[in-house]
Amino acid sequence: MANLDFYSTPFVDFNHTKIFGTADTVAHFARVFGEDAPLQGTLSALQRGPVRFYRDNVIALDEDVVDYVMFVVSGVVRSCKICKNGTRSVVSFYLPGDLFGWTEPTLSLSIEAATDTEVLFIKRSGLLALASRDVRVANVLLTATTNELTRAQEHILLLGKSAKCRAATFLTDLWVRLGKAKYLDVSMSHQDIADYLGLTTETLSRSITALERSGLISRVASRRQLLLQNHFGLRRVMN
């Protein structure tokens, strides 16, 4: 693991009422499991961090964290696969509140900070032992696993669609995952998004411009802030 910086800023709950859908909102790991004080104390004992990583720093390779699962406190984390020819595929993005790290270490994925981010490391064996005794923990782990598998399946299917469909789907899904705020702050780089969607950055830019010219989205204040103007129209493009 690289560039570790233990960070002690207090956690706050999600604030889905804010006008921008952003990955800067801080998630509290223990509160995912409810307000039971003894349970939160037990969960806290399994945690390491949160640890801050700066954009584009490697958090870990899968084999480095075989003993841990990870929880995104703030920012965006990406998992990547580097092919033998040097090309890169972004396999998934993890946003605040996402619990991940259940994949087999033999996959040799690189876990990296797509933006400045904070990550908790939770002892895997302790969390699984707790899940065997507490149905609330078991349900959270089941939901996290199901969500990750569902997104992986949808991602595979998406790669067979048109570039415009891929861009519309990505923006809509990101908007939903960040709480459906009025405006969407797209904090990942165009290169990250293109590598996730299996496109070149030029094709991605053209697709986003086409959505803008169609009146489906518009830019707000900066190129990273978008207003999804026509959700029905975006759904039509996605289908």
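The legends below describe close-up views of a predicted model. Local features need pLDDT of at least 70, side-chain atom pairs count only at pLDDT 80 or more, and totals for chains, interfaces and linings use all residues. Residues are numbered from 1 along each chain as its sequence is written, and side-chain values use heavy atoms, with hydrogens and water left out.

**View 1. An open antiparallel sheet of 4 strands, ordered β3-β8-β5-β6.** Strands (DSSP runs of E, at least two residues, numbered from the N terminus) pair if DSSP finds at least two bridges between them. β3 (58-61) and β6 (88-94) each have a single partner strand and stand at the edges, so one side of each lacks a neighbour in the sheet. Neighbouring strands are turned by 25° against each other on average, direction ignored; axes are lines fitted to C-alpha atoms.

**View 2. The pairing of β3 with β8 (residues 110-113).** The two strands run antiparallel and are joined by 3 bridges. A60 has I111 in β8 as its bridge partner.

**View 3. Helix α5 (residues 190-197) and the residue after it.** Helices are DSSP runs of H or I, at least four residues.

**View 4. Packing of helix α4 (residues 163-177) on helix α6 (residues 201-213).** The axes, fitted over the stretch in contact, lie 9 Å apart at an angle of about 75°. The helices are therefore roughly perpendicular (65 to 115 degrees, on a range from 0 to 180 between N-to-C directions). A163, K164, A167, A168 and L171 in α4 contact (heavy atoms within 4.5 Å) T203, L204, S207, A210 and L211 in α6.

Definitions and conventions. Buried < 20%, exposed > 50% of the residue type's maximum accessible area, 1.4 Å probe, protein only. Parallel < 35°, antiparallel > 145°, perpendicular 65-115°, else oblique.
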